[in-house]
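Hi everyone, thanks for coming. Today I'd like to walk you through one protein structure, step by step. Please have a look at it with me.

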Amino acid sequence: MYRLTVLFLGLFFLSGVVSGSAQGIKAVEKTQATPPVSARPIQAQKSTVAMPNTYKKRQVMVGNGGGVTGGSVTYYLLEDGRLYGKRSRDKGYTFIGQQKPLATKRVFETVESKCSIAKTKFDKPGNMYQFVGWQNDKKRYQVTWAKGDSTVPANYPKFHKAFMNMIPVASRLK
């Protein structure tokens, strides 16, 4: 039986090659590309890149929320320039892009020096709110204000707007 099968396959192969039939050639290529039954699937390697929730260096968080749904959207700029977004209903983070080192440096200088986030105590969210935050490992500061609040320190709405303008409209989370 084995010899008959081998003979049949040999004749099948030869008939495709001799006649120049594209089907015969494709069939041979297809069977050669198929992995053997005993092959194991390759395991996906786990990523070792720290996400915002595990990142130990500095990061800036900017976002907004509230309204009928009570949901929020937060954007995270990590010290290494990676920019992520996350909606409160999402389980994971969405990678938005890589910022240039100079732009990243300016964002951190602005929030740390011009906004003095470590010294600013302002937490007055309303139905619709905006926020700017800063974190370095376990240290965390956040300034939150109601949309349209005129008592929020002046640099924060400007910083929020400038940060959001850094994110392309097509990449913003809805």
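Predicted model: local features only at pLDDT ≥ 70, side-chain atom pairs only at ≥ 80, totals over all residues.

The protein chain has four helices and seven strands. If you trace the chain along its sequence, the pattern is α-α-β-β-β-β-α-β-β-β-α. Of its 174 residues, 32% count as buried. Now think about contacts between residues at least 6 apart in sequence: 50% of these join residues at least 24 apart.

Let's go inside. Which residues touch the most other members of the largest nonpolar core? They are V60, Y75, V132, Y156, F159 and F163, out of 24 residues in that core. At least two core residues come from each of these elements: strand 1 (58-66), strand 2 (72-78), helix 3 (101-114), strand 6 (128-136), strand 7 (139-146) and helix 4 (155-166). Helix 4 gives the most, with four residues. There is also another core, apart from this one, with five residues, including Y55, M61, L78 and Y84.

Now, which residues of helix 3 are buried? Those are T104, V107, F108 and V111. Looking down the axis of helix 3, you find its buried residues within an arc of 90°, so they line one face of the helix. On the other side of helix 3, you can see L102, K105, R106, S113 and K114, which are exposed. As for the buried residues, their cover includes strand 1, strand 2, strand 6 and helix 4. One more detail: just after helix 3, S116 takes a positive phi of about 50°.

Finally, the largest pocket. Its volume is about 250 Å³. The lining has 15 residues, and the closest to the pocket centre are N64, G71, S72, V73 and K174. Which elements give two or more residues to this lining? They are strand 1 and strand 2.

That's my tour, and I'm happy to go back to any part of it.

Definitions and conventions:
Residues numbered from 1 in each chain as written. Heavy atoms only, no water. Core = buried A, V, L, I, M, F, W, Y, C linked by side-chain atoms within 4.5 Å. Buried < 20%, exposed > 50% of the residue type's maximum accessible area, 1.4 Å probe, protein only. Arc of directions from axis to C-beta. Contact = heavy atoms within 4.5 Å. 1 Å grid on protein atoms, 1.4 Å probe; cavity = no way out; pocket = protein on both sides within 12 Å on 5 of 7 lines; lining within 4 Å. Points joined across faces, edges and corners; volume = space filled by probe spheres on them.
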